[in-house]
Amino acid sequence: MKDAENITALLFDFGGTLDSPSRHASRVLRDGLKHAGLYPEENIWREAYVYAERKLEAEAIIAPGDDYFVTLYKKICIEIERMKTQSDSFSDIITPQSARAAAGYCFDNALAYVKQILPSLQQLKRWYKLGLVTNFYGNISTVLGSLGLDNLFSSVTESAQVGVRKPDPDIFRIALDKTGCKAEDTIVIGDSLHNDILPSMSLGCHAVWLKGEGWTDKEETAPADCVVADSLVSFMRLLMGKYNK
């Protein structure tokens, strides 16, 4: 990576970065719904996803002790209840097990992906300070533990805890203070152009955009130091190659 020889810290996003191969959470959850036999129309699904996200942000639905499966389950329950109000035909095929099946599918896929990336993350921890910066609900520590990602990050900056949400650059300022590293010595890695890449670069951080399946299929460009049209695995191999020559 150009002009990044003195990097001392890596700040990771969570959703779409550590729990899936660069896929927006909405895409992952919709796959879970399909696995459960639920195929809502595009406009109904999108509206329900946004509704659930806003409800979870505004209300104390997620408890600090909720692991990742429970978090997914509660989120999917809200989506399903919303979609039932929007489509009579959709409501007819929902069973009491639908949300659990969808959440289990998403959770199992997250576990499988973490198993794939964890050895590389553990290697990178030997050479860099690793931090996490995420918009989450106050339970990210429990979530990390349920995925086997606990004891990996020297700092965790969670929106519900610090009172600042991406894309506000202040959440990255807080994260930099926690790591004790300068912006120019830090790489931010995330799947969102607007939430991760642009705000962190405005502070002078280096940025790696994991450009996968976003909220829409619209093609976007960004002034990131590195654009990886793949998953986190590709970027970590690039970094580790620096030490394995």
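Which residue lies over the face of Y51? The close-ups below begin with the answer, and please keep in mind that this is a predicted model.

**View 1. R82 lies over the face of Y51.** Look for the ring of Y51: R82 is placed at 4.2 Å from the ring centre.

**View 2. R100 has its charged end over the ring of Y73.** Here the distance from the charged end of R100 to the centre of the Y73 ring is 5.0 Å.

**View 3. F14 and F136 form an edge-to-face aromatic pair.** The structure holds 6 aromatic pairs, and in this one the rings are 5.6 Å apart, centre to centre, with 85° between the planes.

**View 4. F69 and F107 form another aromatic pair.** Their ring centres are 6.3 Å apart and their planes meet at 75°; planes over 60 degrees apart count as edge-to-face, so this pair is edge-to-face. F69 sits in helix α3 (residues 68–86) and F107 in helix α5 (residues 98–124), which makes this a link between distant parts of the chain, 38 residues apart. Buried or exposed, what is F69? F69 is buried, with a relative accessible area of 18%, and F107 is buried too, at 15%.

**View 5. Ring pairs build a cluster.** Now find F14 and F136 again, this time with Y68 and Y137: ring pairs link these residues into a cluster.

Definitions and conventions: Residues numbered from 1 in each chain as written. Predicted model: local features only at pLDDT ≥ 70, side-chain atom pairs only at ≥ 80, totals over all residues. Heavy atoms only, no water. Phe/Tyr/Trp six-rings, centres within 6.5 Å; stacked < 30°, edge-to-face > 60°. Helix = DSSP H or I, 4+ residues; strand = E, 2+ residues; numbered from the N terminus. Buried < 20%, exposed > 50% of the residue type's maximum accessible area, 1.4 Å probe, protein only. Lys NZ or Arg CZ within 6 Å of the ring centre and 35° of its normal.
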